2 protein chains.
Amino acid sequence: MTDHAYDVLTIGNAIVDIIARCEDDFLVENDIIKGAMNLIDMDRAEALYSAMGPAIETSGGSAGNTAAGLASLGGTAAYIGKVADDHLGKVFRHDIEAIGVTYNTSALEKGETTARSMIFVTPDGERSMNTYLGACVKLSADDIEPGLVQDSAITYFEGYLWDPDNAKDAIREAARIAHASDRKVAMTLSDSFCVDRYRDEFLELITSGTVDIVFANDAELKSLYQTSDLATAINALKEVCPLAAVTKGDEGSVVITREGTQEVDAHPIDKLVDTTGAGDLYAAGFLFGLTHGENLANCARLGGLAAAEVIQHIGPRPQVSLKSLAQQNGFQV
Amino acid sequence: MTDHAYDVLTIGNAIVDIIARCEDDFLVENDIIKGAMNLIDMDRAEALYSAMGPAIETSGGSAGNTAAGLASLGGTAAYIGKVADDHLGKVFRHDIEAIGVTYNTSALEKGETTARSMIFVTPDGERSMNTYLGACVKLSADDIEPGLVQDSAITYFEGYLWDPDNAKDAIREAARIAHASDRKVAMTLSDSFCVDRYRDEFLELITSGTVDIVFANDAELKSLYQTSDLATAINALKEVCPLAAVTKGDEGSVVITREGTQEVDAHPIDKLVDTTGAGDLYAAGFLFGLTHGENLANCARLGGLAAAEVIQHIGPRPQVSLKSLAQQNGFQV
């Protein structure tokens, strides 16, 4: 790759997370699909908030978390996503800038509020998200800064962006600019239900070469190929995608190239607290490695290291310097 | 004590905490007194927020945390404190009600915003607070519901309430009502610098019998009696106060009565993360014990147990059920 100002530009739904613990019964009683991202409207958001226990608020959004992780590792990252000009929007902007990410997207001045996701964490550490998209529905191709895409070695986006109406146009435009500048494009499949909503389009993004690098967890990849057998899904992806990384929770991850697959163990943890952000931080570590000359196994290890930090506390962004953590674990970062 | 609807009514500054980690150098560079509650104005609040790293927001306020801890232990608690009718005010109200605390204080409709405290947590786990009091300055005797005081076995308040102009009148009124109903009044000395600002008034509250139960940490008590010797301060307090509990960090706490003193070990922890809320939760556990027939040593143990939970994660309120935790530790709660 040629010189670049940013290792990675990430594009996603700009969301503030409202996180509380709950018992599994609560999810059943409130019709929340466990482990999924449930889209909700404002009435539902207010009803769920009333039922929710004491919470903490913290900036989130899948691609925002990935950008934060990249910055925490010492990488250069930029972010595109839409907030409103309100309290939560200011919180989101503060947090992503404070960790060192370039964030220039203008705030929506009227209409929708900043997106929020009520995240319920069950005793097993699993998170179940309930997202009101708010201002995110206004993200459009106008928000893509061509120079930012041209200056980024990799442009990474969320599958979640297929939920708002206009964001997919923004992504296709960003991918066009990226490839015209000989840059790479990466995506995460985001959520198995999201894959189910947009399966054909996601497959087309991959087979058409609009996307060069795919991130997914095992459930998402199985959903993409509508199979219960992970090996089958991996083989299918291997045929059409130059590079993919598939996470398998505490079983680590598998890196997929046309040449073959490579299994990498998960990073050990003391205690699983909250899986929110696990996939996002895996992508951060992997992409950091990829843009810093690491081999693919080390990319996967850096992903596992970053994910291990974030699942040992409440909240989807690192609470310690991932750069220091990587150094303590023998990486020359 | 006669029948009561609430074990404890707590009264304090209603604050949302904005918490970030920082290095010690940051405190020096930004003139923040380490370990203290620094009062700031809005300009300073905005400047510090700009300098602050990525943060999480969570309801706080010393007495609010104590009420939350009481509720988490299975006790009955009510709270009085002033928020504004804004986003942070709604967050504060949601969180304290969601944990089961009765909270009826009307929100301030115009003028000041809800109070916020920017809390910087250094690598040693110590927290340094920077508080913009906002709507808290409007708390007045009008906000004291006489019935709530009459129905509460103990009315507990923060020394911090001497900072806003009118709250001390509210406290004196609440104490008058409490004692007229044969109830007890408790206070926390809050902060050694706060003690320094209001030493004479705090001493008068104790010696006059306006306050029956005093909570303090070692630094606050030494500040109250302007001595560097804790034993001297304890002896002085012992002469004028029927019951006090003094916390000493990882050295546990000492319970003081006219009859003598009793040392109780700290509850063991795995890792100190953030001391925010330690004293508040100690008071919660102690007061829960006191209103549930425990002996004083067990009151101190319950205090230590609740404090141990809160210092092992970011944020000043319990993240697990303290009732379950107490049961796991052999308490019949």
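Me: How is the handedness of a helix crossing set, and which hand does the crossing of H3(B) and H10(B) have?
Reply: A crossing is left-handed if the near helix is turned anticlockwise from the far one by less than a right angle, and right-handed if clockwise. Helices here are DSSP runs (H or I, at least four residues), strands likewise (E, at least two), numbered from the N terminus. For H3(B) and H10(B), the crossing is right-handed.

A word on the model: it is predicted, so local features need pLDDT of at least 70 and side-chain atom pairs pLDDT 80 or more, while totals for chains, interfaces and linings use all residues. Residues are numbered from 1 along each chain as its sequence is written, with chains lettered from A and ligands numbered from 1 in the order written.

Me: Are H3(B) and H10(B) parallel or oblique to each other?
Reply: Helix H3 (residues 62–72) and helix H10 (residues 278–290) of chain B pack at about 45°, their axes 8 Å apart. Axes are lines fitted to C-alpha atoms over the stretch in contact, and angles run from 0 to 180 degrees between N-to-C directions. Under 35 degrees counts as roughly parallel, over 145 as roughly antiparallel, 65 to 115 as roughly perpendicular and the rest as oblique. The two helices are therefore oblique.

Me: Which element gives the largest share of the side of chain B that touches chain A?
Reply: In all, 22 residues of chain B are in contact (C-beta atoms, placed from the backbone, within 7 Å) with 22 of chain A. Strand E4 (56–59) and helix H4 (87–98) of chain B each supply at least two residues of that side. The largest share, 5 residues, comes from H4(B).

Definitions and conventions. Two residues are in contact if their C-beta atoms, placed from the backbone, lie within 7 Å.
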